[in-house]
Amino acid sequence: MRRSDREVKDSARIDEIIRMCDCCRLGLVDGDGVYIVPLNFGFKSENGRRTLYFHGAKEGKKIELIKAHPFVGFELDTNHAVTAGEKACDYSFLYSSVIGKGVAAVVEDIEEKRAALQLIMEHYSGKGGWSLPDEALEGVAVIRLEVVELSCKEHA
């Protein structure tokens with residue numbers, strides 16, 4: 001990392017930054033290019049392992065690409081603000097960001113899907129304990145991203 005003075009290494013702070021984000025951009029291999037899709041997400045961190053969950057349609061380009069190339073990249077960012085200065089070079093941009101790699105897979109187990117959707121709902125609503133009937137779970141795809149590597153940077 002070029003700006004090591006902005007690197008965040010504290011695991012609890014990294015998790016806090018992830019929880020503050022409202023969108024995760026997932027980068028998928030698409031032929032000789034990259035397909036980037038913004039997604040709502042849920043998150044858990046247990047025993048030093050981070051997992052992100054996403055939901056969406058059961059068919060489509062995102063699902064096809066994940067099945068073909070499960071190694072993906074991701075990016076999250078938050079705390080955006082511009083600081084002004086007297087000259088153009090004195091302006092700056094404040095942020096917190098997380099960039100990483102991981103392995104994605106479509107979740108088949110109905111109980112894992114239920115738990116993942118609970119995490120997503122809790123992330124956006126602040127509440128848990130949602131009723132998620134089996135028939136609703138069968139109609140949606142849930143994607144698990146096991147984080148393999150990440151870096152976190154903050155300019156506050």
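Let's start at Val103, which counts as partly exposed because its relative accessibility is 40% (buried means under 20% relative accessible area, exposed over 50%, partly exposed in between, with a 1.4 Å probe and protein chains only). The model is predicted, so local features need pLDDT of at least 70 and side-chain atom pairs count only at pLDDT 80 or more, while totals for chains, interfaces and linings use all residues. Residues are numbered from 1 along each chain as its sequence is written, and side-chain values use heavy atoms, with hydrogens and water left out.

**The chain as a whole**

- The chain has four helices and seven strands; helices (H or I, at least four residues) and strands (E, at least two) are DSSP runs, numbered from the N terminus.
- Read along the sequence, these elements follow the pattern α-β-β-β-β-α-β-β-α-α-β.
- The C-alpha trace spans about 60 × 40 × 30 Å along its principal axes.
- Of the 156 residues, 37% count as buried.
- The accessible surface comes to about 9000 Å², and 50% of that belongs to carbon and sulfur atoms; accessible areas come from the Shrake-Rupley method with a 1.4 Å probe, and for residues only the protein chains shown count as cover.
- Taking contacts between residues at least 6 apart in sequence, 70% join residues at least 24 apart, where contact means heavy atoms within 4.5 Å.

- Val103 lies in strand 6, which covers residues 92-106.
- Together with Phe71 and Val148, Val103 makes a nonpolar surface patch of about 280 Å².
- Patches are made of residues with over 30% relative accessible area and no salt bridge; like charges are joined within 9 Å, and nonpolar side chains (Val, Leu, Ile, Met, Phe, Trp, Tyr) within 5 Å.
- Val106 is also found in strand 6, and at 21% relative accessibility Val106 counts as partly exposed.
- Beyond its neighbours within four places in sequence, Val106 is in contact with Ile63, Lys67, Val142 and Ile143.
- Val106 and Lys153 are 47 residues apart in sequence, and their C-alpha atoms are 29 Å apart in space.
- Ser96 is another residue of strand 6, and here the relative accessible area is 1%, so Ser96 is buried.
- The Ser96 side chain makes polar contacts with the side chains of Asn79, at 3.0 Å, and Glu154, at 2.8 Å.
- A polar contact is a pair of N or O atoms within 3.5 Å; within protein, one must be able to donate a hydrogen and the other to accept it, and residues adjacent in sequence count only if both atoms are side-chain atoms.
- Setting aside neighbours within four places in sequence, the contacts of Ser96 include Arg13, Ile17, Leu76 and Lys153.

**Salt bridges**

- The structure holds 11 salt bridges, each being a side-chain nitrogen of Lys or Arg within 4 Å of a carboxyl oxygen of Asp or Glu.
- Side chains of opposite charge can pair when their charged atoms come close.
- Glu16 and Arg13 meet in one of them, at 3.1 Å from N to O.
- Because they are three residues apart in helix 1 (residues 11-20), Glu16 and Arg13 are separated by about one helical turn.
- Glu16 is partly exposed, with a relative accessible area of 41%.
- Glu154 also forms a salt bridge with Arg13, and the closest N and O atoms are 2.3 Å apart.
- Since Glu154 lies in strand 7 and Arg13 in helix 1, this pair ties together parts that are 141 residues apart in sequence.
- Glu154 is buried, with a relative accessible area of 17%.
- Arg25 pairs with Asp77 in a salt bridge whose closest N and O atoms are 3.1 Å apart.
- Arg25 lies in strand 1 (residues 24-30) and Asp77 in strand 5 (residues 71-83), so the pair ties together parts that are 52 residues apart in sequence.
- Arg25 counts as partly exposed at 31% relative accessibility, whereas Asp77 counts as buried at 18%.
- Salt bridges that share partners join Arg13, Glu16 and Glu154 into one network.

**Helix 3**

- Helix 3 (residues 110-125) has 16 residues and reaches 22 Å from its first C-alpha to its last, close to the 22 Å expected at 1.5 Å a residue; the expected span is 1.5 Å times one less than the number of residues.
- Asp109 caps the N-terminal end of helix 3, with a side-chain oxygen 3.2 Å from the backbone nitrogen of Glu111.
- The buried residues of helix 3 are Lys113, Ala116, Leu117, Gln118 and Ile120.
- Their cover includes strand 3 (42-46), strand 4 (49-56), helix 4 (134-138) and strand 7 (141-155).
- Gly126 follows helix 3 and has a positive phi, near 80 degrees.
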